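Here are my notes for you, written as numbered points. Keep the structure open beside them and look up each residue as you read.

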Amino acid sequence: MAFTVIIALNLGAMTQDTINKKLKMRQQLIDISVINMLKARGIQIVTEHAIPNHLSSGPKTAKELAALSGLHEASIQRLLSMLSSHGIFHEDEKGTFSLTELSELLVSDAPCSIGAYAKTPDAYWWNTIRDLD
């Protein structure tokens, strides 16, 4: 109830349809600016640590991937779960991870691989736009 009141105060005298439209657009901007940034950084991290390469031989648990990559088990679990929720990897009911058609493209020796591109440091991309402000 309090959330609705706050929205009404922030959006003024808009109709419910207008409020719903604005909230949907707000979520789209959040997805673009935050969620996509997290996905991009997550893809960069897993590619830097060869997670797609490790999964190319078959499904693995976060514990197995942590041992192979040197990453923290709980952190890799959270990261891969987040990426799985966006279809980049697959997580089964037992918490085992596997490649999807998307993540197959991150395997370094896969046809049409973008693994090297995905590992490009953040600084490279930010340097292309840093002088805009």
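1. Which backbone oxygen does the side chain of S69 reach? The S69 side chain comes to 2.7 Å from the backbone oxygen of L65, a polar contact (a pair of N or O atoms within 3.5 Å; within protein, one must be able to donate a hydrogen and the other to accept it, and residues adjacent in sequence count only if both atoms are side-chain atoms).

2. Before going on, a word about the source. This is a predicted model, where local features need pLDDT of at least 70 and side-chain atom pairs count only at pLDDT 80 or more, while totals for chains, interfaces and linings use all residues. Residues are numbered from 1 along each chain as its sequence is written, and side-chain values use heavy atoms, with hydrogens and water left out.

3. Back to S69, which sits in helix α4 (residues 62-69). Helices (H or I, at least four residues) and strands (E, at least two) are DSSP runs, numbered from the N terminus. S69 counts as buried because its relative accessibility is 17%; buried means under 20% relative accessible area, exposed over 50%, and partly exposed in between (1.4 Å probe, protein chains only). Setting aside neighbours within four places in sequence, S69 is in contact (heavy atoms within 4.5 Å) with H49, I51 and H54.

4. Now look at helix α2, residues 16-48. Its 33 residues, at 1.5 Å each, should span 48 Å, and the end C-alpha atoms are 46 Å apart, which agrees; the expected span is 1.5 Å times one less than the number of residues. Try to find the kink of about 35 degrees centred on D31, where the bend is the angle between axes fitted to the seven residues ending there and the seven starting there. The buried residues of α2 are I19, G42, Q44, V46 and T47.

5. Two residues deserve a look at their backbone angles. A50, in the loop between α2 and α3, has a positive phi of about 60 degrees although it is not a glycine. A50 counts as partly exposed because its relative accessibility is 22%. C112 also has a positive phi, near 65 degrees, in a residue other than glycine. C112 lies in the loop between α6 (101-104) and α7 (115-118) and is exposed, with a relative accessible area of 67%.

6. Of its 16 residues, V46, I51, L55, I76, L80 and F89 touch the most other members. The elements giving two or more residues are α3 (51-55), α4, α5 (73-85) and β3 (96-99), and α5 gives the most, with four. Leaving aside neighbours within four places in sequence, L80 is in contact with V46, I51, L65, F89 and F97.

7. Finally, the sheet. Three strands form an open sheet in the order β1-β3-β2, with antiparallel pairing; two strands pair if DSSP finds at least two bridges between them. β1 (60-61) and β2 (89-91) stand at the edges with a single partner strand each, so one side of each has no neighbour in the sheet. β2 and β3 pair over three bridges, and β1 and β3 over two. In β3, F97 is the bridge partner of E91 and stands opposite K60. Both faces of β3 are covered: T96 and S98 on one side, and F97 and L99 on the other, are all buried.

Methods:
A nonpolar core is a set of buried Ala, Val, Leu, Ile, Met, Phe, Trp, Tyr and Cys residues joined through side-chain atoms within 4.5 Å.
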